[in-house]
Amino acid sequence: MIVALSGTPGTGKTSVSALLQKEGYEVVSLNEIAIKKGFIEGIDKKRNSKILDIYRLNEYIRNKYAAEDLVFIQGHAAHFLNVAEKIVLLRCHPKKLKKRLEKKGWNKEKIKENVEAEILDVILCETAERYPEKSIFEIDTSNKTIESVAESIIEIIKSNFEPTKKYNIGKIDWSEEILKDF
Ligand SMILES: Nc1ncnc2c1ncn2[C@@H]1O[C@H](COP(=O)(O)OP(=O)(O)OP(=O)(O)O)[C@@H](O)[C@H]1O
Ligand SMILES: [Mg+2]
């Protein structure tokens, strides 16, 4: 089974992936596959970021991983794949997200763009357009350590991805934050 692990940049995908790998789970980075295999369609000059060739990534990931018991594909575009059966989305309160992105050394403009995307539920909306609600799990990482986020993901795995109120979508609402200055 392929599980996509997505979320706005800075929500902690790479950090939690390292812990999941330590626990023996297989996690691969969508960006790393794209770079290694050349599945890049172009460069978004305005954002100085790569545009991934999701169609070829899908084909490659399906051939390589679909037969495996469990593999996570992590990256902020992982929810665009249609080969995933389940989606785990990491969320983070805008104020904390801003701090995390500052720690990453990102510039003001990029921080603002991503904090706004988190407030507007951009990734959740993109995911909900593609996947049924019961396949999507949301984890609010704002007040959790990276270890605790990993524990939540392991809890979801151990429950065989049974939908649960605890990680249901639709509980997070940071819309009031849009009026504040980031
Ligand atoms: N739960 C957490 N609590 C506190 N800090 C965290 C947490 N998760 C991640 N961080 C910190 O936030 C920063 C961003 O984390 P990370 O690089 O894992 O995010 P990401 O989702 O992989 O981002 P990107 O999409 O840019 O790759 C790092 O400095 C990390 O240490
Ligand atoms: Mg990352």
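This is a predicted model: local features need pLDDT of at least 70, side-chain atom pairs count only at pLDDT 80 or more; totals for chains, interfaces and linings use all residues.

1. The contact is formed from the α4 side by Pro94, Leu97, Lys98, Leu101 and Glu102, and from the α5 side by Ile111, Asn114, Val115, Glu118 and Ile119. Sorted by class, the residues of this contact comprise six nonpolar, one polar and three charged. As for handedness, α4 passes α5 in a right-handed crossing.

2. Helix α2 (residues 30-37) packs on helix α3 (residues 54-65) at an angle of about 100 degrees, and their axes are 11 Å apart. Since the range from 65 to 115 degrees counts as roughly perpendicular, α2 is roughly perpendicular to α3. Leu30, Ile33, Ala34 and Lys37 of α2 meet Ile54, Leu57, Tyr60, Ile61 and Tyr65 of α3 in this contact, whose residues divide into eight nonpolar, no polar and one charged.

3. A further pair consists of helix α1 (residues 13-22) and α7, which pack at an angle of about 65 degrees with their axes 9 Å apart; here α1 passes α7 in a right-handed crossing. On the α1 side the contact is made by Ser15, Val16, Leu19 and Leu20, while α7 contributes Ile146, Glu147, Val149, Ala150, Ile153 and Ile154. By class, the contact of α1 with α7 has eight nonpolar residues, one polar and one charged.

4. Which residues are the closest to ligand 1? There are 16 residues surrounding the ligand, and the closest are Lys13, Thr14, Ser15, Lys104 and Lys144. Looking at individual atom pairs, a polar side-chain atom of Lys13 lies 2.7 Å from an oxygen atom of ligand 1, and an N or O atom in the side chain of Thr14 is 2.8 Å from an oxygen atom of the ligand. In the case of Gly10, a backbone N or O atom lies 3.0 Å from an oxygen atom of ligand 1.

5. Two backbone torsions deserve a look during your review. Most residues other than glycine have a negative phi. Asp121, placed in the loop between α5 and α6 (122-130), has instead a phi near 55 degrees, a positive value in a residue other than glycine. Phe161, which lies in the segment after α7 (146-158), likewise has a positive phi, near 60 degrees, and is a residue other than glycine.

Technical notes: Residues are numbered from 1 along each chain as its sequence is written. Chains are lettered from A and ligands numbered from 1 in the order in which they are written. Side-chain values use heavy atoms; hydrogens and water are left out. A crossing is left-handed if the near helix is turned anticlockwise from the far one by less than a right angle, and right-handed if clockwise. Helices (H or I, at least four residues) and strands (E, at least two) are DSSP runs, numbered from the N terminus. Contact means heavy atoms within 4.5 Å. Ala, Val, Leu, Ile, Met, Phe, Trp, Tyr, Cys and Pro count as nonpolar, Asp, Glu, Lys and Arg as charged, and the others, Gly among them, as polar. Axes are lines fitted to C-alpha atoms, for helices over the stretch in contact, and angles run from 0 to 180 degrees between N-to-C directions. Angles under 35 degrees count as roughly parallel, over 145 as roughly antiparallel, 65 to 115 as roughly perpendicular and the rest as oblique. A residue is near a molecule or strand if one of its heavy atoms lies within 4 Å of it. A polar contact is a pair of N or O atoms within 3.5 Å; within protein, one must be able to donate a hydrogen and the other to accept it, and residues adjacent in sequence count only if both atoms are side-chain atoms.
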